[in-house]
Amino acid sequence: MAGLLVLCLWLGQALGAPAQHHPRRKKAAPARPAKSRPAPAHRHKTRAAAGPPAKSKAQLERERRANLQAIQEKSRVLDQTQAKKKVTLGQLNVIKEQLVVKQDVIQNISTQLHGIDTNVHQTAQQVLQTQHSLAELKDEYARLLYTASKTANGFNQLMFLFAADSFNQFVLRLRYVRQYTEERQQQAARIRGTQVRLHEQLTGLTQQQRRKGALLNTQLSENKSLLTLKTQQDEVVQQLGQQEQGLRAELAERQQAVERLDHLIAERVREEIARAAREARLAARREALAAARARSGRRGTRSDDEPTADAPETAADRRASRVVLTPETALVASNFAGNKGRLPWPVGRGFISQRFGRHPHPVLRHVMVENRGIDIQTGAGEPVRACFDGKVLTITSIAGMNTIVMIQHGDYFTVYAKMRSVSVSDGQRVRAREVIGTVAAGSDGTAELQFQVWHNAANLNPESWLGRR
């Protein structure tokens, strides 16, 4: 009897505390056979979301901030041009640019809405899967409780164990009772974890729906603003159309100024090419004479045919087609060419109001406009910066183009026209982003910088050289 009492106490400790009683359903399902096992844990996991959208939230947020900043800058420029109380092409350019930025804003919002719709659909699917998994877990837990209720007291568990036919069967039954108790505890933990996950998914779904509503309101407001801008653009175009005679006279003056600037640039480039050819020819001549003297042993003597610094240019010098580079200028030119597409903008704020090449006049019909560079519309007095290291080749003034600064970068040249003031001098060495002057404002209040890039005598598109803002 004493041995039997010790064995009962040991079995009571091994079996652990009896299961808690739970209220029984009116009609409980019959118990499954003892060999049934709960579903594996991975069965209740939701599927991973689909691939990420084309643009992340951080990228879209950066684009949104950049667009807002661009709208503020263009509004400031528009206020300056409207101060003259007369519609101008500058106002039309600003409105057109605002329309482009506004469309980018609306497109950005549409992209965000599409991403939210995708996330909402995925989250809704996850919620359904989680709810289904939770229902299955609760059903299994109910069956476990129903089975456990049949042996809820220690006496029934002992009778179940002592009814074994052999010691091995006794050990197996003891292991089964332990595992059954542990499985109930794990099943309860899985239910709690699934409930927490379901709560998080529902909370995220609510937040996404709120964000979608806010974005829809913003999109509606931006669409109204876009319609207002289009109406304003139509009004400005109509008013400018009534000034056709003045616009044609203004265009003729501009074309004359452009021709004078083209002639100036071409002349200065030709002069620099001829000068470099002359310097290279004289240097080669001096080296040849020095080598000849070294061979003949006449060191330190000067030949009558040795070239001097004031030697005149020859016809061959004037026929040269490209700048002859020294090792120093060749390095500058190579670095300039290597930074194509990454050069800093000549002004910190502004937008391209007229692009490179031939394009239709914004108001006058059947009229084409030729532009050797790009016009960057900005604020009056905006600092102008050199886009690369170089040497100031010339500073001059032309009617219709105000002050002009031309900077040489080896066999590349950059031109900055329509400047109000200049803070550099001829022959001065400048560094990239160094301020060289300020932008002038025209009689209509429009402040534009004309920016050009040349390679020897070839005119290049500056847009392909400038980096992103």
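In this predicted model, the residues that line the largest cavity comprise three nonpolar, three polar and two charged ones.

**The largest cavity**
- The whole structure was searched for cavities of 30 Å³ or more, and one was found.
- The largest cavity holds about 30 Å³ of space.
- Its lining is formed by Arg-254, Val-258, Leu-261, Asn-371, Arg-372, Met-401, Gln-450 and Gln-452.
- Two elements, helix H6 (244–296) and strand S11 (447–455), each give two or more residues to this lining.
- H6 supplies the largest share of the lining, namely three residues.

**The chain as a whole**
- The protein chain contains eight helices and twelve strands.
- It has 469 residues, of which 39% count as buried.
- Among contacts in the protein chain with a separation of 6 or more, 75% join residues 24 or more positions apart.
- The chain exposes about 27400 Å², and 53% of this area comes from carbon and sulfur atoms.

**Ser-353**
- Ser-353 lies in strand S1, which covers residues 351–354.
- Is Ser-353 buried or exposed? Ser-353 counts as buried because its relative accessibility is 16%, and buried means under 20%.
- Apart from neighbours within four places in sequence, Ser-353 is in contact with Asn-93, Asp-375, Ile-376, Gln-377 and Glu-448.

Notes:
Residues are numbered from 1 along each chain as its sequence is written. This is a predicted model: local features need pLDDT of at least 70, side-chain atom pairs count only at pLDDT 80 or more; totals for chains, interfaces and linings use all residues. Side-chain values use heavy atoms; hydrogens and water are left out. Helices (H or I, at least four residues) and strands (E, at least two) are DSSP runs, numbered from the N terminus. Buried means under 20% relative accessible area, exposed over 50%, partly exposed in between (1.4 Å probe, protein chains only). Contact means heavy atoms within 4.5 Å. Accessible areas come from the Shrake-Rupley method with a 1.4 Å probe; for residues, only the protein chains shown count as cover. On a 1 Å grid over the protein atoms alone, a cavity is a set of points where a 1.4 Å probe fits but cannot get out, and a pocket is an open set with protein on both sides within 12 Å along at least five of seven lines; lining residues have an atom within 4 Å of a point. Grid points are joined across faces, edges and corners, and a volume is the space filled by probe spheres set on the points. Ala, Val, Leu, Ile, Met, Phe, Trp, Tyr, Cys and Pro count as nonpolar, Asp, Glu, Lys and Arg as charged, and the others, Gly among them, as polar.
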